[in-house]
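Welcome! Take a moment to look over the sequence and the fold, and then we can walk through them together.

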Amino acid sequence: RSLPLVGTLRAAIRQPAYALGGVLLRRGCKVHLATGDPVRVHPAFVGWSLEQYEPELMRWLTSTLRPGDSFLDVGAHVGFFSLLASRLVGAGRVVAIEASPPTAKLLQRHLAMNRAANVSVIAALASSREGEGEIAVRANPTDPGACANSIAYRIPGGRSVRVPIVTLDRVAAKFEIAPRVI
């Protein structure tokens with residue numbers, strides 16, 4: 001067990017250290033997904049044990065997606081599945097939908113670090129109707145709790161932002177895709 005003071009100190013230096021790492025390591029850090037595929041990510045994600053992140057789903061995607069396929073990643077977060085799908089579909093298409101503006105920005109950075117040119121990002125909520133909605137987000141997408149953005153409740157230390165709402169049918173029509181996997 002760690003002492004309360006150690007946890008407090010760790011939390012106090014985590015964000016400045018991640019910010020500095022993001023500046024010094026602009027190309028990101030090389031890590032491996034559960035499939036063994038190497039990807040480059042923001043230094044804050046190095047300790048996430050990505051080689052153990054959703055291994056069954058990553059293996060299933062590897063056995064399902066083929067070159068030329070399309071993949072729709074709803075709730076893409078920072079792009080772990082989008083990066084894998086980008087390699088699997090080759091000349092195919094990946095569309096990543098992420099509602100949190102700060103997280104969508106980091107997703108785009110991860111795609112650039114990995115030269116994933118076949119991935120498009122839509123910064124929006126996905127729903128059965130189009131329009132605009134409100135979502136509670138954490139300002140820093142490298143925060144360990146940043147996966148917990150919400151349309152249902154406030155987030156301590158977070159903020160509320162208005163974002164567009166898109167339908168999956170409209171997204172598929174816009175990109176002229178019939179996704180094999182959503």
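## Strands side by side

Helices (H or I, at least four residues) and strands (E, at least two) are DSSP runs, numbered from the N terminus. This is a predicted model, in which local features need pLDDT of at least 70 and side-chain atom pairs count only at pLDDT 80 or more, while totals for chains, interfaces and linings use all residues. Residues are numbered from 1 along each chain as its sequence is written, and side-chain values use heavy atoms, with hydrogens and water left out.

Between strand 3 and strand 4 the chain passes through helix 3 (residues 80–89), giving a right-handed β-α-β crossover. Right-handed means that, with the strands pointing away from the viewer, the path from the first strand over the helix to the second runs clockwise. A right-handed β-α-β unit is also made by strand 4, helix 4 (residues 101–113) and strand 5.

## Charged partners

Side chains of opposite charge can pair when their charged atoms come close. How many salt bridges does the structure hold? There are 4, each one a side-chain nitrogen of Lys or Arg within 4 Å of a carboxyl oxygen of Asp or Glu.

One of them joins R180 and D69, whose closest N and O atoms are 2.5 Å apart. These two sit 111 residues apart, with R180 in the segment after helix 5 (168–174) and D69 in the loop between helix 2 (55–64) and strand 3 (70–74). R180 is partly exposed at 48% relative accessible area, whereas D69 is buried at 11%.

R170 pairs with E130 at 3.5 Å between the closest N and O atoms. R170 is exposed, at 52% relative accessibility, and E130 is partly exposed, at 36%. Finally, look at R162 and E134, with 3.6 Å between their closest N and O atoms. R162 lies in strand 8 (residues 159–166) and E134 in strand 7, 28 residues apart. Shared partners join E132, E134 and R162 into one salt-bridge network.

Definitions and conventions:
Buried means under 20% relative accessible area, exposed over 50%, partly exposed in between (1.4 Å probe, protein chains only).
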